[in-house]
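Reader: I am new to this one. Please show it to me, and let me ask how you know what you say.

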Amino acid sequence: MTAAIAAIVPTRNRAELAMRAVRSLLDQDCEIDIYLSDNSASPDALRDYCAKRRRVTWLRPPRELSMPEHWEWAIGEAMARSPATHFTLHYDRKASKPRHWGELQRLASRNPDLLITFANDQISHHPPPLRLWQAPWTGKMFRLATATVAALIAQSRIMEVLHAVPALSNCLIPRTVLETISGRFGSVCSSTGPDSAFLWRFLALHERYLHYDRAPGVVYASHRSNGLGYLRGTGGDFADYRKTFGERPWLDLAPLPGVNLGQNMLYHEHERVRRETGDRLPPLDRAAAIADLGRHLAMIEDPEGKAELRRLLAAEGWAGREADPPPAPTPEAKEWEREQRFRMRWFGKAPPTITGFSFRDDKEALRYAMRFPRAPQPSAGHLDVLGAVEIAQ
């Protein structure tokens with residue numbers, strides 16, 4: 001069979017970003033049905049934009065929804081309208097690299113029943129300045145056991161496995177997987193954090209998945225990020241996220257209930273799914289989780305808020321330290337970067353890597369990310385902790 005792909009692009013008050021996401025999905029080496037779901041206050045710009053483009057369908061929920069509810073509604077609408085065998089949730093803040101999805105379609109066609117994850121390159125302004133971070137990659141295909149991944153995350157080793165966790169927005173998902181999750185839990189991702197909810201539900205129900213070790217897209221516009229706003233305690237669109245979420249219980253099953261800090265949302269979703277599925281998921285290593293939350297204090301900007309979080313952590317036995325700030329680049333490193341930028345701009349010559357380079361704005365960083373991808377590695381050492389098994393492509 002040949003896999004048929006549908007991409008769901010949920011958006012809210014980000015018309016320009018959503019349009020760029022759609023354009024990037026149209027510039028591919030396979031056909032993709034695109035469903036742009038518009039939860040914005042004013043829908044006119046995106047409705048007109050979609051009407052002029054083939055294979056792009058504009059969706060509009062019946063009322064204003066919270067982000068988890070909106071993602072759930074958009075996924076359901078796409079599944080009902082499209083005959084696609086596979087679905088992907090595509091951030092409006094992500095630009096897919098040109099002509100990368102054809103390989104994912106080929107891999108899904110050969111492995112039609114297995115979810116496939118992939119990494120993303122990132123452009124972020126925190127910590128400043130704005131930098132491009134390119135994921136290491138080999139271009140190879142690997143098989144992963146969900147039990148291994150679940151155990152590592154339950155031990156608070158999320159940063160070690162981040163490249164390859166099935167967190168909804170970095171997946172190509174068979175229709176049957178979505179149906180299985182929805183049938184068991186009543187929804188695919190409608191909870192507090194949709195990415196984390198899908199992650200734990202999938203890990204609880206399935207034994208294995210595949211990882212395509214290459215980043216087909218670049219996530220940017222971090223100044224609009226809900227996740228970064230949550231981690232920092234301010235900024236991005238997180239205030240709007242909370243407003244639309246309403247007065248429902250917030251992170252009530254997390255190690256620090258109701259607290260926005262580090263992976264507390266991920267741990268909340270873990271406990272929620274674990275209680276529903278019994279021994280299908282390992283229990284959280286609470287001491288490791290508290291230590292991990294403490295390291296994320298470095299992200300909090302408000303001094304009074306940080307002091308209160310320290311007090312809460314200390315009451316849970318935390319006596320550690322927050323993460324050290326990243327070291328400032330040396331004068332020699334700055335000069336090397338300036339020289340390499342000059343060579344790229346005027347001669348089109350790529351340096352060994354530009355991951356970590358600073359840029360003036362997202363537009364410049366995206367242009368360089370697309371033109372100068374990171375070179376492949378011969379081996380996938382970044383996946384060793386996951387026990388990844390290479391398979392034939």
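Author: What follows is a set of questions and answers on a predicted model.

Reader: What makes D237 and R14 a salt bridge?

Author: The cut-off is a Lys or Arg side-chain nitrogen within 4 Å of an Asp or Glu carboxyl oxygen. For D237 and R14 the N to O distance is 3.0 Å. That meets the rule, so the pair is called a salt bridge.

Reader: Where in the chain are the two partners, D237 and R14?

Author: D237 sits in the loop between α9 (226-232) and α10 (238-245). R14 sits in the loop between β1 (5-11) and α1 (15-26). They are 223 residues apart, and the pair links distant parts of the chain.

Reader: Are D237 and R14 buried or exposed?

Author: Buried means under 20% relative accessible area. D237 has 15%, so D237 counts as buried. R14 has 9%, so R14 is buried too.

Reader: How many salt bridges does this rule give?

Author: The count comes to 28. Some are linked: R12, E64, D240 and K243 form a network of salt bridges.

Reader: Which salt bridge joins E322 and K306, and how do you know?

Author: Their side chains meet at 3.5 Å, N to O. The limit is 4 Å, so the pair qualifies. E322 lies in the loop between α13 (303-315) and α14 (331-347), while K306 is in helix α13. The pair therefore ties together parts that are 16 residues apart in sequence.

Reader: What about E322 and R310?

Author: Their closest N and O atoms are 3.1 Å apart, and they form a salt bridge. R310 is in helix α13 and E322 in the loop between α13 and α14, so this pair ties together parts 12 residues apart in sequence.

Reader: Why is K306 called buried, but E322 and R310 partly exposed?

Author: K306 has 14%, so K306 counts as buried. E322 has 21%, so E322 is partly exposed. R310 has 36%, so R310 is partly exposed as well.

Reader: What makes R345, K363, R367 and R371 a positive patch?

Author: These residues gather on the surface in a patch of positive charge.

Reader: Which element gives the largest share of the patch?

Author: Helix α15 (residues 362-371) does, with 3 residues. K363 lies in that helix.

Reader: How do you know that F245 is buried, and what does F245 touch?

Author: F245 is in helix α10. At 4% relative accessibility, F245 is under the 20% cut-off and so counts as buried. Beyond residues up to four places away in sequence, F245 touches S66, P68, S191, T192 and W250. F245 and P68 are 177 residues apart along the chain, yet their C-alpha atoms are separated by 8.4 Å.

Reader: Why is D121 called buried?

Author: D121 is found in strand β7 (residues 121-124). Its relative accessibility is 3%, under the 20% cut-off, so D121 counts as buried. Leaving aside neighbours within four places in sequence, D121 is in contact with residues including K97, W133, A215 and V219.

Terms used:
Residues are numbered from 1 along each chain as its sequence is written. This is a predicted model: local features need pLDDT of at least 70, side-chain atom pairs count only at pLDDT 80 or more; totals for chains, interfaces and linings use all residues. Side-chain values use heavy atoms; hydrogens and water are left out. Patches are made of residues with over 30% relative accessible area and no salt bridge: like charges are joined within 9 Å, nonpolar side chains (Val, Leu, Ile, Met, Phe, Trp, Tyr) within 5 Å. Accessible areas come from the Shrake-Rupley method with a 1.4 Å probe; for residues, only the protein chains shown count as cover. Lys and Arg count as positive and Asp and Glu as negative; His and the chain ends are not counted. The place of a charge is taken as NZ of Lys, CZ of Arg, CG of Asp or CD of Glu. Helices (H or I, at least four residues) and strands (E, at least two) are DSSP runs, numbered from the N terminus. Buried means under 20% relative accessible area, exposed over 50%, partly exposed in between (1.4 Å probe, protein chains only). Contact means heavy atoms within 4.5 Å.
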